[in-house]
Amino acid sequence: MSLLHVVILAPFLAAIIVPFLYKLARPVHTGWFVLILPILLFVYLIQYLPEVSGGQTIIKEQPWIPSLGINFTVYVDGLGLLFALLITGIGALVVLYSIYYLSKKTEALHNFYVYLLLFMGAMLGVVLSDNLIVLYTFWELTSLSSFFLIAYWYHREKSLYGALKSMLITVFGGFAMLAGVVLLFAMGGTFSIRELIGQADMLASHTLFIPAMLLILLGAFTKSAQFPFHIWLPDAMEAPTPVSAYLHSATMVKAGIYLVARLSPVFAGQAEWFWLVSGFGILTLFWGSFNAVKQTDLKAILAFSTVSQLGMIMSLLGLGSASVHFGYATEAQAYTVATLAAIFHLINHATFKGSLFMVVGIVDHETGTRDIRRLGGLMTVMPITFTIAIIGSLSMAGLPPFNGFLSKEMFFTAVLNARELGLFNMQTWGALFPFVAWIGSVFTFVYSMILLFKPFTGQYKPEQLDKTPHEAPLGMLISPVILVSLVIIFGFFPNLLSYTILEPAMASILPGLLEPGQQFLVHIAFWHGWTTELFMTIGVIVLGSLLYLSLKKWQGIYDLFPHRLSFNHLYDQGLISMERLSARVTNAHMTGSIRDYLIYILAFFIIVLGSAIFLLEGYAFQFEDSGAIAAHEVILAVVMVIAAIAVAVTESRLTAIIAAGVVGYAVALFFVIFRAPDLALTQLVIETVSVALFLLCFYHLPKLKLKPKKTGFKVTNFIISLGVGTIITLIALSAHSTRLFAPISEYFVEASYDEAGGKNMVNVILVDFRGYDTMFEILVLGIASLGVYALIKLRLNRRENYENQ
Amino acid sequence: MRINDVILQTTAKVISFIILTFGIYIFFAGHHIPGGGFIGGLITTSALVLLYVAFDMETMNKVIPIDFKKMTALGLLIAVSTGLGALLFDQPFLTHTFGYFDLPILGEAELATAVLFDIGVFLTVTGVAVTIILTIGEDEKWK
Amino acid sequence: MEVMMSIVVGILFAVATYLILSKSILRILLGTVIISHGAHLLILTMGGLKTGAPPLLGQEAPAYTDPLPQALILTAIVIAFGVTALVFVLAYRSYQELGTDDMEQLRGNDNE
């Protein structure tokens, strides 16, 4: 265990302590205690920055299940550290914000912070683990904590719906990813990402390579809300706004991005990877931004905006993967810029989107609504919030001088360069990329403007609001102000990031391009001259403004798309029909009749054991060494069989009991014949006691007939019984004929006197060699007797109570 | 109702003590010849049940004022504590030992800790069996 | 000998299964009793029959019957007694409370 392991586990430990703090210190908002942790972690992690910037990686190993190749290995490189800093940094700001957002009087804060800490730990685990199984475990934990956080206001039906939807979709993807991980293990023989990257060439020629890729992408796409799995993200907005800002914008939804980036060294360079990642990415970019425009809920706009931005990052990662074909030469730089843009935009998105979510949270908190049709003219009421919103949404729209502009320009460069790519049929299809990207950016501009102007400008409508709005408390403004400051700082000084984190993160995604000791050289500049990219941006602004102003005229096109064909409808219908189907299947075989269940079990028993005997050729019987049969033994056997059958066919209760007793005494006689005196004695006594017991009980049950009504002979039952009997006979014969191992009884013969001082081996085994068994056996007996006692006596007490009443 | 009460009771008095003696003998002999806690316990049970059948419940409760559920618990306790005893000598749980001792009157005899464990088994089996039978038998008055 | 016993055990199991599959709780109980007899004989048969003297060292015999199956069965007999008693009382009590011993009438149909 190293300190890095502690970093991952600390939030989990804190999650255990938080409820107690909540109970003990009710007057203090629990958030203040929680806040300490992400700050500490952030400060601790940032110390690794110089080392990682210098191209170092840190590995700390902790064996977990070494026999299966599963080790809790913490691996810190540029990419992991970047995410870890985002998680702890944004986490600290979000916790601070939540202290003012969630009232300590009315909210179940202990639950909220437990889930939030669970998420933080799980997310850190995802980005810092080297082992894919460990990563998967944490991955599912993030889905789980996200479920809890979305359903935090669990009395609202929409919260539950959103929580369930996100859970179903992300866990479905998670399972697919697990299958992909297992396939990777089957090919490479290791779960370690580093070791898999080391054998990337070998993996690529494997037949399982493409299935593994598809399954892992399914996991990444569902988590990062890529088209068509994006439908869960808008519904996840039912979570409290700090959660939306943290999980569903800055961190968790980027886990898919992380996974694609992390496994890029394994898959990059394949045409399938390139097309799937960039294709779905760019489709998501367009679809998200297009749908964001029609939303009327501020958070829904942000949700679709997040979907669209995630698509953009995803497509950039796809485009960047083409660069491995070139080596770090001049032509490759044309494509590595895509990877660079992806990482850079990842950071930028966290800053501006985080601040915008917090702005929306403030608006919601202060006015009581997020509906843009009811909001308006808040500019004068909330000047600081408005300022934050300006910076955030202009950055999102891709306008200078904010960081969004820089990454948007780089995005355009990347898609323009993609046209030139002489690979993967890009000559024919490449022109689509800049076009779709540009259209998507236009819509991005439009919804950014909606977000900015609809609530803050226009007519102030206080009569439509539930509360009298006023500026948010200072504490609530701290976090968004910090984030928009970062928007501006990264906008003016992007190279602050270049050397420290962008270069090492790129090195993690594209390790193959570098000679040992070499580093990516990144320099981001504002002004490149009058390039195509700049003209594209100007075009975005012009067309975007026109579309925004004429919004009412063309909004009708959204109604053209029939609801029946939407993915949401598909999901809802699919869920309903699956529930129906499973109910039907369950009702068909879960009849509530124990007889049916027994028939399933016995049929399974017959089929599996029968075919096992047949397939393993266990029927090679040999009878040479069987003992001789004496006449009295045959008679005894016949008596026993007749008695047993009599139990089954008789209709008299007494006859059945006596016949069962005969079987028991015959067994005792067999024990005598088979040289088992202890057994014979025990069986005799037990049989006597049981028969007495039976008669005693039946004496009290005069009406209890053996056959309540004439049921007749059951053919099914008979066939199954016959099958069971045959299988048992076969097993007995087969076990007798095949001795795989020498019997261990020699040991007891030799040791029972010398080691245990007893001459009766059976007794010595019972009380000494296998004393444990005997101890638990008598315990079971004791429990059975208590059960009998309770069944009869408890009722007695109850009757007495009735009588007393 | 019971016609043969006198005969039954008289024979039961004699026979049950023969059975009891036999049961205890079988229990102690169990280490070397067939017998042991299980069989001894069951034989003792049958002796007790015979007494309960011959005499009525109230009389028997006066003669043998034993709660057989507690007997079960005592047996389990003995069995577990003989196992724990081994821990005191730094041995694994339930390790048994034996030795030869010169006892007065009986002469040299073998004493094994396994017999202590078997006493636990004996008491538990007796307690369980008698509890079950008595519980079911007692229920008749609620018919 | 083993062959004969194997067949006998098979018949015991078949009869017991038939009883267990019937509706009457009493027949089910008798089925469990017989199935445990069958299981005990099965274990003994699989261990080999009459391969030597009873497992008592006092006998000074050259070979002894395998003591391990016997120890297992001894445990099983006593457990079977406990189980039988418990099922028995269950049957008895359910009949008293519910007035039926028909498993089809006792089935839980909550979701229908």
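Predicted model: local features only at pLDDT ≥ 70, side-chain atom pairs only at ≥ 80, totals over all residues.
**Entry 1: chain C, the fold**

I started with chain C, which has four helices and zero strands, where helices are DSSP runs of H or I with at least four residues, strands are E runs of at least two, and both are numbered from the N terminus. Read from the N terminus on, the order of elements in chain C is α-α-α-α.

Residues are numbered from 1 along each chain as its sequence is written, chains are lettered from A and ligands numbered from 1 in the order in which they are written, and side-chain values use heavy atoms, with hydrogens and water left out.

**Entry 2: chain C, the shape**

I looked up the radius of gyration, taken over C-alpha atoms. For chain C it is 19 Å, whereas a compact globule of 112 residues would come out near 13 Å; the globule rule is 2.2 Å times the number of residues to the power 0.38. Along the principal axes, the C-alpha atoms of chain C fill a box of roughly 65 × 25 × 20 Å.

How much of chain C is buried? I find 67% of its 112 residues in that class, with buried meaning under 20% relative accessible area (1.4 Å probe, protein chains only). I also checked contacts, meaning heavy atoms within 4.5 Å. Of those in chain C with a separation of 6 or more, 51% join residues 24 or more positions apart.

**Entry 3: chain A against chain C**

Next I turned to the partner. Here 102 residues of chain A are in contact with 82 residues of chain C. The buried area is about 8200 Å², and carbon and sulfur atoms give 77% of it; this is the accessible area (1.4 Å probe) that two parts lose on being put together, summed over both.

How many salt bridges are there between chain A and chain C? The count is zero, taking a salt bridge as a side-chain nitrogen of Lys or Arg within 4 Å of a carboxyl oxygen of Asp or Glu. Polar contacts do turn up: seven residue pairs, both at pLDDT 80 or more. Such a contact is a pair of N or O atoms within 3.5 Å; within protein, one must be able to donate a hydrogen and the other to accept it, and residues adjacent in sequence count only if both atoms are side-chain atoms.

The elements of chain A that give two or more residues to this side include helix H27 (594–615), helix H31 (715–737) and helix H34 (771–804). H31(A) gives the most, with 14 residues. By class, I read 61 nonpolar, 23 polar and 18 charged residues on the side of chain A that touches chain C. Nonpolar here is Ala, Val, Leu, Ile, Met, Phe, Trp, Tyr, Cys and Pro, charged is Asp, Glu, Lys and Arg, and the others, Gly among them, are polar.

Chain B has five helices and two strands, in the order α-α-α-α-β-β-α from the N terminus on. Of its 143 residues, 46% count as buried.

The contact takes 44 residues from chain B and 45 from chain A. About 3900 Å² is buried between chain B and chain A, 73% of it from carbon and sulfur atoms. I found zero salt bridges between chain B and chain A, and three residue pairs in polar contact. H5(B) gives the most to the side of chain B that touches chain A, with 15 residues.

Methods: Buried < 20%, exposed > 50% of the residue type's maximum accessible area, 1.4 Å probe, protein only.
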